[in-house]
Amino acid sequence: MKNKTILLAIFIISIGLWTFLSRSNVIMKLDNKSISDLYGSIHNLSVSLFSLLLAVLALFASLVNHDFLTKMQKTGQFYTLIKSIFWNTFSFFGLICLTFINPFLEMQESIFILKISLIILSISLFLLFDIGKKFWFVFYGLSKKSKK
């Protein structure tokens, strides 16, 4: 997707989720254990996807000399993909940090940070779908090249 489209989608997701979470009492009705469990789930998902994206970066580091990736570097697609992976990795790392500080917060602060974490998680998953689409094109190009 184009950068403007991605930024617009991120803006819409952020405003929509913030409005929903601010006006609904879904999170306010949760007890401490449920909030802690939700933080734990977000933390586990963030750590898993953070690790996956780091493995993907390692995969690209090992494929640098491949002809297809050389062509991607010439067209600028490689830089775009690496930049997308970096920003998504950074957002998952931010989620890991936000969920790590939960035990040190009061209830109201915890709920506020939970709302922010849910918004960042939604944006991160949206960006992950964009990276998946880019990967599909990369691996499709690699497999098409190897058939010739």
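Colleague: What makes Phe 86, Trp 87 and Phe 90 one aromatic cluster?

Modeller: Phe 86, Trp 87 and Phe 90 are grouped through ring pairs, and rings pair if their centres lie within 6.5 Å. Bear in mind that this is a predicted model.

Colleague: Why is the pair of Phe 86 and Trp 87 called edge-to-face?

Modeller: Look at the angle. The planes of Phe 86 and Trp 87 stand at 70°, with the ring centres 5.6 Å apart. Planes over 60 degrees apart count as edge-to-face, so 70° qualifies.

Colleague: How many aromatic pairs does the structure hold?

Modeller: Five. Another one of them joins Trp 18 and Phe 112: their centres are 5.7 Å apart and their planes are at 85°, so this pair is edge-to-face too.

Colleague: What does the pair of Trp 18 and Phe 112 tie together?

Modeller: Trp 18 lies in helix H1 and Phe 112 in helix H5 (residues 107-147), so the pair links parts that are 94 residues apart in sequence. As for cover, Trp 18 is partly exposed at 33% relative accessibility, and Phe 112 is partly exposed at 43%.

Colleague: Which residues of H4 are buried?

Modeller: Among them are Phe 78, Leu 81, Ile 85, Phe 92 and Leu 95, along with Ser 84 and Asn 88. To make that list, a residue needs under 20% relative accessible area.

Colleague: Where do Asp 37 and Lys 33 lie?

Modeller: Both sit in helix H2, four residues apart, which is about one turn of the helix. Lys 33 is exposed because its relative accessibility is 57%, whereas Asp 37, at 41%, is partly exposed.

Colleague: Which residues form a nonpolar patch on the surface?

Modeller: Leu 8, Phe 11, Ile 12 and Ile 15, with about 420 Å² of accessible area together. Take Ile 15, in helix H1 (residues 3-23).

Colleague: Where is Met 28 found?

Modeller: In the loop between H1 and H2. Met 28 is partly exposed, at 43% relative accessibility. Met 28 and Ile 119 are 91 residues apart in sequence and 16 Å apart in space, C-alpha to C-alpha.

Colleague: Where is confidence lowest, and where is it highest?

Modeller: Confidence is lowest in helix H3 (residues 67-75), with a mean pLDDT of 75, and highest in helix H2 (residues 32-62), at 89. For the chain, the mean pLDDT is 83, and 93% of its residues reach 70 or more.

Notes:
Residues numbered from 1 in each chain as written. Predicted model: local features only at pLDDT ≥ 70, side-chain atom pairs only at ≥ 80, totals over all residues. Heavy atoms only, no water. Patch = residues over 30% accessible without salt bridge, like charges linked within 9 Å, V, L, I, M, F, W, Y side chains within 5 Å. Areas by Shrake-Rupley, 256 points an atom, 1.4 Å probe, with all protein chains shown as cover. Salt bridge = Lys/Arg side-chain N within 4 Å of Asp/Glu carboxyl O. Helix = DSSP H or I, 4+ residues; strand = E, 2+ residues; numbered from the N terminus. Phe/Tyr/Trp six-rings, centres within 6.5 Å; stacked < 30°, edge-to-face > 60°. Buried < 20%, exposed > 50% of the residue type's maximum accessible area, 1.4 Å probe, protein only. pLDDT = per-residue confidence, 0-100.
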